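Try each task before reading its solution.

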Amino acid sequence: MTDKAVVIGASAGGVQALSQILPALPGNFPLPIFVVVHVPPRRDNALVQLLAAKCALQVKEAEDKEMVTGGMIYFAPADYHLLVEEGGTLALSSEEPVNHSRPAIDVLFESAADAYGPALTGIVLTGANHDGADGLKAVGAAGGVALVENPVTAEVSTMPAAALAACPSARAMSFADIVTHLRDWAAA
């Protein structure tokens, strides 16, 4: 299991937000990045192919019981919750939706907070519901770094605003500042 990790959650407007952040990371970025984007069930996640073409890092859909590798971007498959297990494996779950979503951001963030504790950065991006708020609170409570896309400039401000309210230690940042934080934090 890698020492540190990053979790990112997005909903409405998330494709554009992720397209600003993930391609800006260098090919030697050493940490695993786990991503939940609300996508409709029974649909291929075209986001993986779209971002794979733009990113220097390898982008893939997470697989059940897969070992976590640094420098990889893992997306939750449509209609499955993505969890990070202690010991460095991923798990997929078809349990009930959380916040009307499967995959749910809260499920990923809470499991990653348990697995990584203070060695985790959680980022909540644009979205129209409250998914991610409890998860970011869990990241902060575990000693991790909690960030949100600035609600003022987010395409849909509901999700980052809810995460800020739930996790007062969270910092609102621009895309450029998020990228700078990730690069600096990975190098520390």
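A residue is buried at under 20% relative accessible area, exposed at over 50% and partly exposed in between (1.4 Å probe, protein chains only). Helices (H or I, at least four residues) and strands (E, at least two) are DSSP runs, numbered from the N terminus. The model is predicted, so local features need pLDDT of at least 70 and side-chain atom pairs pLDDT 80 or more, while totals for chains, interfaces and linings use all residues. Residues are numbered from 1 along each chain as its sequence is written, and side-chain values use heavy atoms, leaving out hydrogens and water.

**Exercise 1.** Work out what span α3 should have, and how far the rest of the structure encloses this helix.

*Step 1.* The expected span is 1.5 Å times one less than the number of residues. For the 12 residues of α3 (105-116) that gives 16 Å, in agreement with the 16 Å between the end C-alpha atoms.

*Step 2.* Look for buried residues: among them are I105, F109 and Y116. Because 10 of the 12 are buried, α3 is largely enclosed.

*Step 3.* The cover, judged by contact (heavy atoms within 4.5 Å), includes strands β1, β2, β5 and β7 and helices α4 and α5.

*Step 4.* After α3 comes G117, with a positive phi near 55°.

**Exercise 2.** Decide whether H38 is buried or exposed, then find its side-chain partners.

*Step 1.* H38 sits in the loop between β2 and α2. Its relative accessibility is 19%, so H38 counts as buried.

*Step 2.* Search for polar contacts (N or O pairs within 3.5 Å; within protein, one atom must be able to donate a hydrogen and the other to accept it, and residues adjacent in sequence count only if both atoms are side-chain atoms). The H38 side chain makes one with the side chain of S11 at 2.8 Å, and another with that of S101 at 3.3 Å.

*Step 3.* Leaving aside residues up to four places away in sequence, H38 also touches others, including I105 and M159.
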